Amino acid sequence: MSELLLHRVRRQLETLKLTTARERLDEHLQRAAQRELSHLDVLDSLLGDELALRAERGLVTRTKLAHFPTLKSLDTFDIDAQPSLDRKALTELRNMAFIERAENVVLLGPPGVGKTHLAIGLGLRAVQAGYRTYFVTAQDLLDLIRIAQLDGIPGHKQRHLVNVPLLIIDEIGYVQFDRPAATWLFQLIERRYERHSTIVTSNKSFADWSDILGDTTMAGALLDRLLHHSHVLNLKGESYRLRKRKGGASASTP
Ligand code: ADP
Ligand code: MG
């Protein structure tokens, strides 16, 4: 009789796709019998296991889907090597409230000062906090737009760029946008405006964005949306890579 019941519970867990609970049912029941645990204890530990494994799998999946070029953590960012960084602003960003408030982050500075590292670090933290995140470079966006011009825009891809809770656009400034591409980028930022967060990194100051986008009005309109609710972090100094090579990356390096 109880074998029948056990069989039914297993089937029910399978049907409900509670696979971890299904796999660990016998183990939990045995433990409960040995330690005289209550039914509620069994349910609690069984569902707890299921949720823990789901959270872990979700994290792995979100990390994969984020397309980070490398994994960088905020914890490995040597803040003393970057005296120009606004520490208070970074501390505030770490708590991820900016994503809840659909605010943007703009990281500006010359090559090698840690813009991409910080963008990925924030992205990884977002992924760990449960937010879907997607990393692209400006070049990736241009490639996408070109493919779209040839084949028609792949709708799901565009929807993903518009709707993902945190979008990271790295390296605006290294590649030139032509007019259709600049319009497309503007529309992307416009559609995300006040709905979702975007992190942008650039080696160019805002005054140079007219050249990058090939259009002063468009650049103005884009920056207007991007900067309305935003945290702008200016990073200065020499490339961290070069300083490392010279053996001099330290807080005292100007
Ligand atoms: P950027 O995007 O500004 O050109 P990156 O973020 O790619 O620079 O940094 C270049 C390299 O130096 C990366 O490997 C990055 O991890 C490292 N780096 C830069 N700044 C720091 C820092 N303050 N602490 C630790 N590593 C850093
Ligand atoms: Mg970079």
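Colleague: How much space lies in the largest pocket?

Modeller: About 530 Å³, in what is a predicted model.

Colleague: What makes it a pocket rather than a cavity?

Modeller: A cavity is a set of points where the probe fits but cannot get out, whereas a pocket is an open set with protein on both sides. The lining of the largest pocket has 23 residues, and Gly112, Gly114, Lys115, His117 and Arg241 are the closest to its centre.

Colleague: Which elements supply at least two residues each of that lining?

Modeller: Those are α6 (115–128), β3 and α12 (240–245). Helix α6 gives the most, with four residues. By class, the lining has seven nonpolar, eight polar and eight charged residues.

Colleague: And what lines the second largest pocket?

Modeller: Its volume is about 210 Å³. The lining is made of Leu25, Leu29, Ala32, Ala33, Leu37, Ser38, His39, Val42, Leu43 and Leu46. Two or more of these residues come from each of α2 (19–35) and α3 (39–65).

Colleague: How are those lining residues split by class?

Modeller: Eight are nonpolar, two are polar and none is charged.

Colleague: How many cavities of 30 Å³ or more turn up in the whole structure?

Modeller: One. The largest cavity has a volume of about 40 Å³, and the residues lining it are Asn104, Ile189, Arg192, Tyr193, His196, Thr198 and Arg225. By class that makes two nonpolar, three polar and two charged residues.

Colleague: What does His231 touch, leaving out residues up to four places away in sequence?

Modeller: Its contacts are Glu92, Leu93, Phe98, Glu103, Asn104, Val105 and Val106. Glu92 is 139 residues from His231 along the chain, yet their C-alpha atoms are separated by 9.9 Å.

Colleague: Which residues touch the most other members of the largest nonpolar core?

Modeller: Leu141, Leu161, Ile169, Phe177 and Trp209, out of 33 residues in that core. Among the elements giving two or more residues to this core are β1 (104–108), β2 (133–137), α7 (138–151) and β3 (166–172). Helix α9 gives the most, with seven residues.

Colleague: What is Ile169 in contact with, neighbours within four places in sequence aside?

Modeller: The contacts of Ile169 are Val136, Ala138, Leu141, Leu185, Leu188, Ile189, Thr198, Ile199, Val200 and Thr201. There is also a second, separate core of 28 residues, including Ala66, Leu90, Ile168 and Ile199.

Colleague: Now the charged pairs. How do you know that Asp26 and Arg10 form a salt bridge?

Modeller: Their side chains meet at 3.1 Å, N to O. The cut-off is 4 Å, so the pair qualifies. Asp26 is in helix α2 and Arg10 in helix α1 (residues 2–15), 16 residues apart, so by the helix assignment the pair links distant parts of the chain.

Colleague: Are these two partners buried or exposed?

Modeller: They fall in two classes. Arg10, at 18% relative accessibility, is under the 20% limit and therefore buried. Asp26, at 36%, lies between 20% and 50%, so Asp26 counts as partly exposed.

Colleague: What makes Glu190 and Arg225 a salt bridge?

Modeller: The closest N and O atoms are 2.7 Å apart, and that is within 4 Å, so the name applies. Glu190 belongs to helix α9 and Arg225 to helix α11, 35 residues apart.

Colleague: Why are Glu190 and Arg225 called partly exposed?

Modeller: Glu190 has 33% relative accessibility and Arg225 has a relative accessible area of 22%.

Colleague: How many salt bridges does the search of the whole structure find?

Modeller: It finds 10. One of them pairs Arg101 with Glu92, the closest N and O atoms being 3.1 Å apart. Arg101 is partly exposed at 44%, and Glu92 is partly exposed at 38%. Through shared partners, salt bridges join Glu92, Arg101 and Glu103 into one network.

Note on methods:
Residues are numbered from 1 along each chain as its sequence is written. Chains are lettered from A and ligands numbered from 1 in the order in which they are written. This is a predicted model: local features need pLDDT of at least 70, side-chain atom pairs count only at pLDDT 80 or more; totals for chains, interfaces and linings use all residues. Side-chain values use heavy atoms; hydrogens and water are left out. A nonpolar core is a set of buried Ala, Val, Leu, Ile, Met, Phe, Trp, Tyr and Cys residues joined through side-chain atoms within 4.5 Å. Buried means under 20% relative accessible area, exposed over 50%, partly exposed in between (1.4 Å probe, protein chains only). Contact means heavy atoms within 4.5 Å. On a 1 Å grid over the protein atoms alone, a cavity is a set of points where a 1.4 Å probe fits but cannot get out, and a pocket is an open set with protein on both sides within 12 Å along at least five of seven lines; lining residues have an atom within 4 Å of a point. Grid points are joined across faces, edges and corners, and a volume is the space filled by probe spheres set on the points. Ala, Val, Leu, Ile, Met, Phe, Trp, Tyr, Cys and Pro count as nonpolar, Asp, Glu, Lys and Arg as charged, and the others, Gly among them, as polar.
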